[in-house]
Amino acid sequence: MENYIVSARKYRPATFDAVVGQHALTTTLRNAISGGKLAHAYLFCGPRGVGKTTCARIFATTINCLSPDERGNACGRCESCRAFAEGRSFNIHELDAASNNSVDDIRGLIEQVQVPPQVGRYKVFIVDEVHMLSASAFNAFLKTLEEPPVHAIFILATTEKHKILPTILSRCQIYDFQRMEVPDIVAHLRHVAGQEGIRAEDEALAVIARKADGGMRDALSIFDQVASFSGGDITYAKALEDLGVLETDVYFRMVDAMLGVDVTECLLGLDGVLARGFAANDFVAGLASHLRDLTVARDERTLPLLEAGADMRTRYAEQAARCTPRFLRAALRLCADCDLNYRQSRNKRLLVELTLIEAAQLSAPDEPGCGRGPARRLKPIFKHLAPSGGTAPIAPKEQAPAEVSRPETTEKEPVAARQEAVAQQRPAAVPPPVRPTLRRTAGFSLKSGTTADERRQKEAEPDTPAAHRVLGTKPYGAADVSYHWLRYANELPQALAALAGQMKNHMPVVDGDGRVEVPVDSQTVLDDCNRHRAAIETYLQEQLDNGTLALTFRLAAPRERPRPLTKREIWAKMLEHHPELRTLQEAYGLEVHA
């Protein structure tokens, strides 16, 4: 019986032309060889199975070939090429640093470096998994790596470049190998299948390529496994069965159920997946990948990013046409959140079921009973405070002209619309003061289909009584002023957060004549508040429907805003009310620190 050789070894590239998925690197190395610009040390780094060691061997063979072809590839017929192919070359040495990582192993390598080559021009030393060398071995290797003999070339290969000392990195030319793309892996697997006489479907090869995660060696190993399972006839169904991968139809049916707002079908589909032995988190990850593919398939420009065959691309495009961008974006976010919370969840199945239920509700209409509820409007945070029973509303001394008869404006009317309507009715000679933009608007509907500009335009139409409003002389009390004072502070944007804090810390006071005064505790706060006095005063006049209201800021007297007590003063007051604390202080020798 002939010895069997796995595909990863049998179809290992022997020339630069046969290397798959690393065109830029192979071109650079080939041009360096043809131009005679060879460095003394190279570092090949990248994921496993992408061709680092293979390219190192091809590079070592090519620079020692006695008669390379016109494309710069090794001929494979000269003595140097045949010696390497037969495993008897003395010019190419390979060292596995994972098992030979001591200082003695590096010293033995350094001794071999001093011996010139017998056939060819260079002695090439390939050190695989170089990051496994100990710190002492790295230090012993530094001098030789920096100034080797003219006939010595080092090629270091690693999957973890961050573990290599910076002093080693600075002495090497660094080549980063990338993961191979699915189309490149599929094309190579199709070539291998043709050489081996194996029938393979393109969709099955695409499944193998995605399972390999960018590594050609892993792809060839999986290919051999599936070929043995299927008896030389690799189909899509057999590849899924052997690799334990959910078929794409499951995700297509799940998305169809979501688009149809069929929660029952979503839950039954998940139950069927779990009954077949698949993990719930793998299903969520696959569903997220499927939603991503649908997002890509919506636009012809991004369709090449879809790693699938022509028939599958058509199917993706058909389902993507029925999905809205809002649905895909929200469903992807739900799957991402589920994946993040899966490990910490105590009831993992319930978490996944809740994710599917919420995703199915994304396509439901906005009506009661659909899980989303009717449209709602925001309510004010502070309830309107009526004046206390013992305090009668204070009427100002000076009476303004009687206001024009109009219907009362409801509380739910947008504040911004009322303010604009009032501003439009002011005399042209007295321009309205500039007020800061409000961060939130009372009564704004989260699900309203109209913008703020459209609502203001609608409310400012000639047939709307609110458009002709002028300020009256409605009485107001201290509670009314405090309510709208805090409301204004809460509606300020983030840029005026400092002003909002000052307003909350300094409450207004209404005297017997109806004047509104705000005592503040420092000149800095006084100057800041005076800069915004006109805007605040206008707001209070509009909300209280009184154009005679006057707002004044002043420095507070010491008795109005007493200074905070020190720790010693607090302790002294405690002793006044509880003299027994003195006994406790003396018994334990306690001291009060300022």
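**Exercises on rings, cores and a pocket**

There are 11 aromatic pairs here, going by a simple rule: rings of Phe, Tyr and Trp (its six-membered ring) pair if their centres lie within 6.5 Å, with planes under 30 degrees apart called stacked, over 60 edge-to-face and the rest tilted. This is a predicted model, in which local features need pLDDT of at least 70 and side-chain atom pairs count only at pLDDT 80 or more, while totals for chains, interfaces and linings use all residues. Residues are numbered from 1 along each chain as its sequence is written, and side-chain values use heavy atoms, leaving out hydrogens and water.

**Exercise 1. The chain as a whole**

Work out how many helices and strands the protein chain has, and what percentage of its residues count as buried.

*Solution.* 
- Step 1: Start with the secondary structure: the chain has 25 helices and 10 strands. Helices (H or I, at least four residues) and strands (E, at least two) are DSSP runs, numbered from the N terminus.
- Step 2: Then look at burial: 41% of the 594 residues count as buried. Buried means under 20% relative accessible area, exposed over 50%, and partly exposed in between (1.4 Å probe, protein chains only).
- Step 3: Take the contacts with a separation of 6 or more; residues 24 or more positions apart account for 73% of them. A contact means heavy atoms within 4.5 Å.

**Exercise 2. Charges over rings**

Find out which ring the charged end of R315 sits over.

*Solution.* 
- Step 1: Learn the test: NZ of Lys or CZ of Arg has to be within 6 Å of the ring centre and within 35 degrees of the ring normal.
- Step 2: Apply it. The charged end of R315 sits over the ring of F252, 4.2 Å from the centre.
- Step 3: Now a lysine: the charged end of K348 sits over the ring of Y342, 4.9 Å from the centre.

**Exercise 3. The nonpolar cores**

*Solution.* 
- Step 1: Recall that a nonpolar core is a set of buried Ala, Val, Leu, Ile, Met, Phe, Trp, Tyr and Cys residues joined through side-chain atoms within 4.5 Å.
- Step 2: The largest core has 41 residues, and F283, L287 and F327 have the most contacts inside it.
- Step 3: The elements giving two or more residues to this core are α12 (248-259), α13 (263-275), α14 (280-297), α15 (310-321), α16 (325-341) and α17 (348-360). The largest share, nine residues, comes from α14.
- Step 4: Zoom in on L287. Not counting residues up to four places away in sequence, L287 touches Y251, M254, V255, M258, C335 and L356.
- Step 5: Apart from this core lies another one, of 29 residues, among them V182, A206, M216 and I234.

**Exercise 4. The largest pocket**

How many residues line the largest pocket, and which lie nearest its centre?

*Solution.* 
- Step 1: On a 1 Å grid over the protein atoms alone, a pocket is an open set of points where a 1.4 Å probe fits, with protein on both sides within 12 Å along at least five of seven lines; lining residues have an atom within 4 Å of a point.
- Step 2: There are 25 lining residues, and R210, V245, Y251, G286 and S289 lie nearest the centre.
- Step 3: α9 (202-212), α11 (236-243), α12, α14 and α15 each supply at least two lining residues, and α14 gives the most, eight.
- Step 4: The space in this pocket is about 750 Å³, where grid points are joined across faces, edges and corners and the volume is the space filled by probe spheres set on the points.
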